[in-house]
Amino acid sequence: MRVRSTIGIGAVAVVVAAVGTLSAIVQPPRAPGAITVFEGARLIVGDGSRPIEDSAFLVEHDRITRIAAKGGLQAPRGARRVDLSGKTVMPALVDAHVHLGYRKGLTFTAANYTRENLLDILDRFTYYGVAAILEAGTGRGELPFQVRADARSGARYLTAGRGFAMPNAGPGVPMRDAAYGVTTEAEAREKVRELAGKKPDLIKIWVDDRNETVEKLKPNLYRAIIDEAHTHGVRVMAHIATLEDAKDLLRAGVDGFAHAVRDRDVDDELLAMLRQRRDVFFVVTLWGERNAIYQGPPAWIDEPILRETLSAGEIKQLADAFLTAASPATLQRSLENAERLLRNVATLNAAGVKLGLGTDTGGVTGGGYFGLASHVELELLVKAGLTPAQAIVAATRNSADILGLDRLGTVAPGKSADFLVLDANPLDNIGNTRKISKVYMKGAEVDRAAMKTKWAGRAPRP
Ligand SMILES: [Zn+2]
């Protein structure tokens, strides 16, 4: 096992094993013969089925091999037992829209895009029980592909590498130069071929004029990108804002969207198109609109879990943004926009469209609230009218499916043992996903205490 300089769970396991202070429930990952029975928890499978109120499930090495009602499972001799009575277990989350590397403390700059910062951010997702993330088109150079190949502990790092837009018209500053700027179909196809050679997990395109401040990616160019991507077996996810762009991208064969429609109400024509394409997904990304949606400081701003990974300055910046000094007219407009967005998500959900979880964390609107935001996104999905069970399916099974992660997304036989142990039931109150008792990834308990110490021990983040 490799030990790396930042404390990921792999390194922690080595330290823990070396000093021999194992409690009954801490085990080194992939120890030979390691079999554990987890008993007594309410088990939320993550597929929308009714929870198993008093469950038992077996984890062998890094895999879930059996689940049953308690007493319905013969544990092999020598299996460890972990009593989870009174707890709730749900699958680890998957966040299909984040931007790694630019945020560090209160700074936001391309100079932060280092291996060390990428790994630290992955640890932050791991801490909150996010088992995989997609870097949505703002990767820089070879580094994201190298880190993807090397980072074998904790959260999985998926990357779209560099996305596509018109020149200097893609993601917000300081991420803007990460995208390929293309102006001809031949150039678009050539860059897709270049990117496809690195095996991106998706391809990201920006189709947005940002309130008429930049040039929107032209339809002939996104058609060339989508066609070339599909030739290479890679799917395309589009950043959009408008209903008309969503429709034309569907005509062009796009695979999914990085946001919901925001300019107008979703209409019957769009829904009819989506009925013809049941595989199309929306990663709805409500966290970026949190200030307008909450219209004031949310209750979770005072939860202790924020202080476990964020400095006082970061929490203040997050809290202050909810206290806007905007004019009544501006406030009214932002409220109407937020209500339309939530209505559109509700409409897509009612139509049975596949919704996934994304946050834009690390980007311009997302801020540096890695992992925490993924949990708040669940609460925002419930504000949009999803039931807690539907929000959990979006955040687990659907997002894993969107990213092609067939070992993640549910607590079921054959899946990787990546799950959250919660102190309260999120089906009663979705905010309970933040009452995290333990996180397991790949069959091993994440040493959250060591991570917390690392972040607390550091000099105040700049
Ligand atoms: Zn984004």
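**Exercise 1. Determine which residues of strand β19 (residues 419-422) lie on each side of the strand, and whether they are buried or exposed.**

Solution. Strand β19 is covered on both faces, with F419 and V421 on one side, L420 and L422 on the other, and all of them buried. Here buried stands for under 20% relative accessible area and exposed for over 50%, with partly exposed in between (1.4 Å probe, protein chains only). Strands (E, at least two residues) and helices (H or I, at least four) are DSSP runs, numbered from the N terminus. The model is a predicted one, in which local features need pLDDT of at least 70 and side-chain atom pairs count only at pLDDT 80 or more, while totals for chains, interfaces and linings use all residues. Residues are numbered from 1 along each chain as its sequence is written, and side-chain values use heavy atoms, with hydrogens and water left out.

**Exercise 2. Name the protein donors of the zinc ion and work out which parts of the chain H99 and D360 tie together.**

Solution. Donors are N, O and S atoms within 2.8 Å of the metal (3.2 Å for Na, K and Ca), and because water is not among the atoms, sites may look incomplete. The protein donors are H97 (NE2), H99 (NE2) and D360 (OD), which lie 1.9 to 2.2 Å from the zinc ion, and their spacing along the chain is H-x1-H-x260-D. H99 sits in the loop between β7 (93-98) and β8 (103-104), and D360 in the loop between β18 (354-356) and α12 (372-383), so the pair ties together parts that are 261 residues apart in sequence. Both H99 and D360 are buried.

**Exercise 3. Describe how far helix α6 (residues 243-251) is covered, and by which elements.**

Solution. Seven of the nine residues of α6 are buried, so that the helix is mostly covered; among them are L243, A246 and L250. Contact means heavy atoms within 4.5 Å, and the elements covering these buried residues include β14 (203-207), α5, β15 (236-240), β16 (256-257) and α7 (268-276). Just after α6, G253 takes a positive phi of about 90°.
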